[in-house]
Amino acid sequence: MSELLLPPEHRYAKIIKEKLNEDGSELSILNLGPTHPATHGIFQNILLMDGERILDAEPTIGYIHRAFEKIAENRPFYQITPLTDRMNYCSSPINNMGWWMTVEKLLDIEVPKRAQYLRVIVMELARIADHIICNSILGVDTGAYTGFLYVFQFREKIYEIYEEICGARLTTNMGRIGGFERDWSPEAFRKLDLFLEEFPAAWKEFENLFERNRIFIDRTVNVGPISAEQAMSYGFTGPNLRAAGVDYDVRVAHPYSSYEDFDFIIPVGKSGDTYDRFCVRNAEVWESLSIIRQALAKMPEGNEYHAEVPDYYLPPKEDVYTSMESLIYHFKIVMGEVPVPVAEIYHAVEGGNGELGFYLETDGSRTPYRLHFRRPCFIYYQAYPEMIKGALLSDAIVILSSLNVIAGELDA
Amino acid sequence: MALENTDIQDKLTQNFGEEVFNFQQQKDIFTFEIDADKNKAIILFLKNDPSLQFHFLTDLCGIHYPDNEVNKQFAIVYHLHNWYENKRIKIKTYINGEKPEIKTISNIFLSANWMERETFDFYGVDFIGHPQLKRILNMDEMISFPMRKEFPMEDGGRTDKDDRFFGRTIDNC
């Protein structure tokens with residue numbers, strides 16, 4: 001009876017037995033995760049180890065799977081935004097904007113230029129915050145805590161800008177279908193200017209600290225390389241693909257929100273190893289800063305921050321309390337009364353770590369018939385066993401860090 | 001010369017005849033349906049043909065249509081992308097509701113492996129030839145496939161969120 005209660009034998013157990021019989025050497029199984037501090041998220045890897053070297057790996061995911069796609073099928077469009085916030089929570093505004101743009105594409109809504117530029121600014125800020133987290137934690141995983149301290153305060157400053165825009169810091173939910181919930185305050189612009197003034201020096205210092213550091217180079221060069229062909233076959237996009245030398249970027253390939261108005265280059269690496277992924281993200285931060293500066297310089301005059309689409313744009317709360325028309329629109333939108341066409345669309349944005357896509361099918365009811373999130377982390381993580389085969393255990397940690405896999409987006 | 005919709009349509013109809021049909025432009029994406037039995041051959045052709053070169057699988061997911069006739073109760077949607085010409089296409093194929101199965105494309109695109117596992121996990125679609133078709137996000141012991149429409153999020157007896165009470169049906173919009 002007690003045998004029945006034992007868990008089934010893992011396939012590695014058989015390999016270990018066979019290997020023991022062959023030459024007497026000992027292999028072992030190691031559980032990396034699910035709640036290992038170095039995995040920065042709840043996912044498990046069962047590793048087959050020969051001493052310190054990894055022979056094979058089997059990832060197990062789904063520990064925080066929250067059924068977002070199922071929930072989305074039961075919610076009107078506005079109520080889906082908080083779900084997108086909680087996917088890649090390091091750069092939630094990009095997820096938000098991606099979702100609104102998907103709905104706007106569905107409803108044929110043209111967003112005013114100024115609102116588009118504001119969206120670009122906030123998306124690039126989110127990308128910077130995402131890269132700050134990824135690269136500084138990669139530093140921590142190689143044993144260098146200092147860089148993390150240098151730049152992490154600037155993530156706080158970005159959050160303060162979000163706070164000025166919408167009142168929230170992590171899960172921002174700052175927009176509306178057609179634009180923003182409210183116009184940006186002068187204080188938000190002041191904080192943005194201050195950030196643009198102070199951050200570059202810190203980022204330069206951060207780069208200097210790592211990019212020519214002997215220990216960091218030894219820990220990352222030729223660690224976890226992936227060729228361009230393999231990366232493409234695995235579905236890589238974003239910095240992880242660009243590190244392998246492919247200059248694919250959704251912002252350039254399919255520009256959205258006026259990205260075509262800005263000049264920026266797509267940084268690419270050569271070898272697709274951990275060091276290249278780190279450097280590509282570093283370089284992308286400079287491009288993001290440049291895009292923000294250009295957007296501020298080219299910002300159209302006026303205070304237009306949303307499209308005039310009362311059927312879809314949730315009116316400001318103070319108007320709801322004082323104007324009957326706003327109250328009616330508010331009620332209709334909140335109750336999911338807005339007319340939605342029957343359609344199938346796909347919209348993608350360049351998320352912090354790759355192409356974030358939304359495949360939406362509607363049947364005319366107030367909720368999506370099907371909403372599928374193309375989550376870049378989910379795509380990357382299946383290549384992880386391939387990338388760590390033959391590496392040392394300590395390499396597996398930095399490879400995982402450099403892939404920037406966020407558990408919230410992986411599981412969704 | 002840019003890759004036009006008509007080029008894709010001509011190539012496909014030339015090689016696969018009536019197994020590829022219902023070509024249309026949906027917003028910014030050229031889309032068509034294919035015969036489920038031919039999914040592997042058509043996708044391989046789209047990838048390998050030198051003038052088409054749809055070498056990137058952007059997305060793969062399933063959809064459940066319980067109200068359709070039994071042969072069209074599930075759909076698998078493929079999004080492919082040709083980066084050279086910067087052209088996206090969407091392929092939809094319907095499969096049987098009682099025995100949902102379709103050939104795997106995980107040997108054409110490595111990325112399809114987990115996407116197919118996810119679709120199996122949510123809809124119970126059997127991807128024939130898949131190397132490791134087991135649950136990926138839900139627990140192994142589950143016997144139902146939660147994204148199917150017969151599994152509602154909330155108590156089915158609940159009427160306060162019923163579309164009919166908001167004056168909306170599919171026909172009136």
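This is a predicted model: local features need pLDDT of at least 70, side-chain atom pairs count only at pLDDT 80 or more; totals for chains, interfaces and linings use all residues.
Begin with chain B. It has 173 residues, and 50% of them count as buried. Its secondary structure comes to three helices and seven strands. Along the sequence these elements follow the pattern α-β-β-α-β-β-β-β-α-β.

Now turn to the interface. Chain B gives 50 residues to the contact, and chain A gives 53 residues. Together the two chains bury about 4,500 Å². Carbon and sulfur atoms account for 56% of that area. Polar links cross the interface too. There are 28 residue pairs in polar contact between chain B and chain A, counting pairs with both residues at pLDDT 80 or more. Strand β3(B) supplies the largest share, with eight residues. By residue type, this side of chain B divides into 25 nonpolar, twelve polar and 13 charged residues.

Charged side chains also pair up between the chains. The interface of chain B and chain A holds nine salt bridges. One of them joins the side chains of B:Lys134 and A:Glu58, with 3.7 Å from N to O.

Take A:Glu344 first. This residue sits in strand β6 of chain A, which runs over residues 342-351. Is A:Glu344 buried or exposed? A:Glu344 counts as buried because its relative accessible area is 15%, and the cut-off for buried is under 20%. Its side chain has a polar contact of 2.8 Å with the side chain of A:Tyr359. Another polar contact, of 3.0 Å, reaches across to the side chain of B:Lys92. Leaving out residues up to four places away in sequence, A:Glu344 touches A:Tyr359, A:Leu360 and A:Glu361 in chain A. From chain B it touches B:Gln26, B:Lys90 and B:Lys92.

B:Lys92 leads on to the second residue, B:Tyr65. The side chains of B:Tyr65 and B:Lys92 are joined by a polar contact of 2.7 Å. B:Tyr65 lies in the loop between β3 and β4 of chain B. Its relative accessible area is 9%, so B:Tyr65 is buried. B:Ile91 is 26 residues from B:Tyr65 in sequence, and the two C-alpha atoms are 17 Å apart.

Next comes the nonpolar core. The largest one has 181 residues. Residues of both chains are among those with the most contacts inside it: A:Trp184, A:Phe195, A:Phe236, B:Leu12, B:Phe32 and B:Leu46. Helix α6 of chain A, residues 113-141, gives this core its largest share, 14 residues. What does A:Trp184 touch, not counting residues up to four places away in sequence? Its contacts are A:Leu118, A:Ile121, A:Val122, A:Ile165, A:Phe189 and A:Leu192. Another core, of five residues, lies apart from the largest one. Its members include A:Tyr12, A:Ile16, A:Leu27 and A:Ile46.

Last, look at the backbone. Most residues other than glycine have a negative phi, and most peptide bonds are trans. The peptide bond from A:Gly33 to A:Pro34 is cis, with omega near 10°. A:Pro34 lies in the loop between β1 (28-32) and β2 (44-50) of chain A. A:Ser258 has a positive phi, near 65°. It lies in the loop between α12 (250-253) and α13 (274-298) of chain A. A:Ser258 counts as buried because its relative accessibility is 2%. B:Gln53 also has a positive phi, near 55°. Its place is the loop between α2 (39-48) and β3 of chain B. At 28% relative accessibility, B:Gln53 counts as partly exposed.

Technical notes
Residues are numbered from 1 along each chain as its sequence is written. Chains are lettered from A and ligands numbered from 1 in the order in which they are written. Side-chain values use heavy atoms; hydrogens and water are left out. Contact means heavy atoms within 4.5 Å. Buried area is the accessible area (1.4 Å probe) that two parts lose on being put together, summed over both. A salt bridge is a side-chain nitrogen of Lys or Arg within 4 Å of a carboxyl oxygen of Asp or Glu. A polar contact is a pair of N or O atoms within 3.5 Å; within protein, one must be able to donate a hydrogen and the other to accept it, and residues adjacent in sequence count only if both atoms are side-chain atoms. Helices (H or I, at least four residues) and strands (E, at least two) are DSSP runs, numbered from the N terminus. Ala, Val, Leu, Ile, Met, Phe, Trp, Tyr, Cys and Pro count as nonpolar, Asp, Glu, Lys and Arg as charged, and the others, Gly among them, as polar. A nonpolar core is a set of buried Ala, Val, Leu, Ile, Met, Phe, Trp, Tyr and Cys residues joined through side-chain atoms within 4.5 Å. Buried means under 20% relative accessible area, exposed over 50%, partly exposed in between (1.4 Å probe, protein chains only).
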